[in-house]
Amino acid sequence: MAPARNLTTERLDALRHKLLAMLATVEQAIDSCIEAYCQRDEAKAWTVAAHDHAINEMETCIDEMGMRLLAREGPLAQDLRTVLATMRIANDIERMADEAANIAERTMPLVALPPLPFDDDFKAFVPLVRNMVHQAVQCVVDMDPDLGRRLAELDEGVDCGLRQLTLRVVQYMKSNPDKIEAALSFLIICRRLERIGDLSTNIGESVFFAVRGVNAKHSHFDDDEPA
């Protein structure tokens, strides 16, 4: 006989399923905006930009579900932290979607221009960000606080990659002033990707908080005592 499930557990499960669906949607949007740039695919870029509103609606739904759960069920301890963390993660996912839409919008005018000489650098940088997004998704799926901690370490590699790209692009702009506008758009795309890495780190911190009861946002996981 299956154990009895109370209403709070059922509503927490429904909230979690909504969050996982939102994560899958934004991961696809990030992959698509990167592919749109690499393939010079204006139609794909337009699709990413146009579908940003769907992720906004998913965040609103999660917020409403979370607020109702808090008001009606009065969850305590880890259940309470899980609701708060879920709402925080949904906000970070929505911001990821905004960054993906910004990348898509920056890509569209670049499609008609000659490629910039940074393809090798970009191909080395992009997997760092994609890995962070994938690990953030897995962190939520498994509710793995240790993976949440490792995301902060992965973010250092993304930051380093952006610094190297920035130096190359700035030097290129100095030597090619007629290409400044296109190079600047490319650099903004890279910075938006780096921001997606930051938001992946935020997701790891929220999972760490939900499971361990430690707010790692400013302590950098120094205090690791379970609540």
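**Exercise 1. Decide whether Glu73 is buried, partly exposed or exposed, and find the partner of its side chain.**

Glu73 has a relative accessibility of 23% and therefore counts as partly exposed, where buried means under 20% relative accessible area, exposed over 50%, and partly exposed in between (1.4 Å probe, protein chains only). This is a predicted model, in which local features need pLDDT of at least 70 and side-chain atom pairs count only at pLDDT 80 or more, while totals for chains, interfaces and linings use all residues. Residues are numbered from 1 along each chain as its sequence is written, and side-chain values use heavy atoms, with hydrogens and water left out.

The next step is to look for the partner: the side chain of Glu73 meets that of Arg11 in a salt bridge at 2.4 Å, N to O, the term standing for a side-chain nitrogen of Lys or Arg within 4 Å of a carboxyl oxygen of Asp or Glu. Because Glu73 lies in helix H3 (residues 52-73) and Arg11 in helix H1 (residues 7-39), the pair ties together parts that are 62 residues apart in sequence; helices are DSSP runs (H or I, at least four residues), numbered from the N terminus. Arg11, at 27% relative accessibility, is partly exposed.

**Exercise 2. Find how many salt bridges the whole structure contains, and examine Lys179 with Asp178.**

A search of the whole structure gives ten salt bridges. One of them joins the side chains of Lys179 and Asp178 at 3.1 Å, N to O; Lys179 is partly exposed at 30%, whereas Asp178 is exposed at 62%.

**Exercise 3. Identify the residues with the most contacts inside the largest nonpolar core.**

A nonpolar core is a set of buried Ala, Val, Leu, Ile, Met, Phe, Trp, Tyr and Cys residues joined through side-chain atoms within 4.5 Å. The largest has 62 residues, and Phe186 and Leu193 have the most contacts inside it. At least two residues of this core come from each of H1, helix H2 (42-50), H3, helix H4 (77-110), H5, H6 and helix H7 (180-212).
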